[in-house]
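Please look through the sequence and the model shown here. The paragraphs that follow go from the whole chain to single contacts.

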Amino acid sequence: MGLFKKNPFGHILFIKRWLIRILGVFTHQRYKGFNTLEIEGSEIIRNLPDKNVLFVSNHQTYFADVVAMFHVFNASLSGREDTLKNVGYLWNPKLNVYYVAAAETMKKSLLTKIFAYAGSISVERTWRSEGKDVKRQVKMSDISNIGKALNDGWVITFPQGTTTPWKPLRKGTAHIIKKYKPVVVPVVIDGFRRSFDKKGLRVKKKGILQNMVIKEPLDIDYENESFDAIIEKLEYAIEQHPSFLKVISQKDLLALEEENELRRFRNSKKI
């Protein structure tokens, strides 16, 4: 690889490699130290093609979720089985991993600009801007950039577009799936909201058991399934469908989840 070789977005891969290494070393203890990340599905990561893979996940913090995925993906590809043991997996990271993020978020500070260089596909939100509700058309350049990233590698997206649980999924994700026909891999995360602040930069609480489950790719009929059918399939896959709230209220469910996580962590310490 040439020293100044670039990816399709003009980012120099040599710089991106070192950013991932450095950020990975600084954040490793957030998932295997201060807190413990329980992983399921490493073998699924290893069996995926090198490009045109779309990871679809629920969302709990701005940055901690996607940083954890960078760790898990690279650890899995280097042969680790559902563990982040030994941060050496970051020496040769997968460089064609991208994530979809709001453009206004990625421009706010030097740190967010560094995160953006490490793999962000910045898009203009159509429903929210600078803390206010808006309604605007999807920028076709944003869709094209996601397609460009899929053509080059893997893309992580959070189709709810918010860290608030149980919100409806944005139909733009279904449009991307119909248009580019990627392998769609659901990811379900938990524990990040309790571990970190909303931005995912500050450790809010230690000793929390975090979870990340990588599920088998979805079976999607790209030609015949409707946008609504695909959205519903995604909602079930990332466990954000409204039916999950029919038996218990959202407030009680969140409280129960927190209680269960604390109990599981205490039990793990006893083993």
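How many salt bridges does a search of the whole structure find? The search finds seven, where a salt bridge is a side-chain nitrogen of Lys or Arg within 4 Å of a carboxyl oxygen of Asp or Glu. Some of them are described further below. This is a predicted model, in which local features need pLDDT of at least 70 and side-chain atom pairs count only at pLDDT 80 or more, while totals for chains, interfaces and linings use all residues. Residues are numbered from 1 along each chain as its sequence is written, and side-chain values use heavy atoms, with hydrogens and water left out.

The protein has ten helices and nine strands; helices (H or I, at least four residues) and strands (E, at least two) are DSSP runs numbered from the N terminus. Of its 271 residues, 48% count as buried. Buried means under 20% relative accessible area, exposed means over 50%, and partly exposed lies in between (1.4 Å probe, protein chains only). Contacts are taken as heavy atoms within 4.5 Å. Among contacts with a separation of 6 or more, 72% are between residues 24 or more positions apart.

The accessible surface of the protein comes to about 13,700 Å², and carbon and sulfur atoms account for 55% of it. These areas come from the Shrake-Rupley method with a 1.4 Å probe, and for residues only the protein chains shown count as cover. One nonpolar patch on the surface consists of L3, F4, F14, I15, W18, I22, F26 and W91, with about 910 Å² of accessible area together. Patches are made of residues with over 30% relative accessible area and no salt bridge; like charges are joined within 9 Å, and nonpolar side chains (Val, Leu, Ile, Met, Phe, Trp, Tyr) within 5 Å. F14, one of the patch residues, is found in helix α1 (residues 13-27). F14 counts as partly exposed because its relative accessibility is 37%.

Helix α7 (residues 172-180) has buried residues at T173, A174, I176, I177 and K178. Their cover includes the strands β2 (53-57), β7 (154-157) and β8 (183-190), along with the helices α6 (140-152) and α9 (227-237). After α7 comes K181, with a positive phi near 50°.

T112 is found in helix α5 (residues 110-117). T112 has a relative accessible area of 6% and is therefore buried. A polar atom of its side chain lies 2.9 Å from the backbone oxygen of S109. Leaving out residues up to four places away in sequence, T112 touches F63, T105, M106 and K107.

Aromatic rings are treated next. Rings of Phe, Tyr and Trp (its six-membered ring) pair if their centres lie within 6.5 Å; planes under 30 degrees apart count as stacked, over 60 as edge-to-face and the rest as tilted. By this rule there are ten aromatic pairs. In one of them, the rings of Y31 and F196 have centres 5.9 Å apart and planes at 55°, so the pair is tilted. This pair links distant parts of the chain, 165 residues apart: Y31 is in the loop between α1 and β1 (36-40), and F196 is in the loop between α8 (192-195) and β9 (209-214). Y31 is buried because its relative accessible area is 2%, and F196 counts as buried because its relative accessibility is 1%. The rings of F63 and F115 have centres 4.9 Å apart and planes at 40°, so this pair is tilted. F63 lies in the loop between β2 and α3 (64-77) and F115 in helix α5, so the pair ties together parts 52 residues apart in sequence. F63 and F115 are buried. Y31, F192 and F196 form one aromatic cluster.

Side chains of opposite charge can pair when their charged atoms come close. R46 forms a salt bridge with E81, with the closest N and O atoms 2.5 Å apart. This pair links distant parts of the chain, with R46 in helix α2 (residues 42-46) and E81 in the loop between α3 and β3 (97-102), 35 residues apart. R46 counts as partly exposed because its relative accessibility is 30%, and E81 is partly exposed because its relative accessible area is 45%. Another salt bridge joins the side chains of D190 and R194 (3.3 Å, N to O). D190 is buried, with a relative accessible area of 15%, and R194 counts as buried at 13% relative accessibility.

Methods. A polar contact is a pair of N or O atoms within 3.5 Å; within protein, one must be able to donate a hydrogen and the other to accept it, and residues adjacent in sequence count only if both atoms are side-chain atoms.
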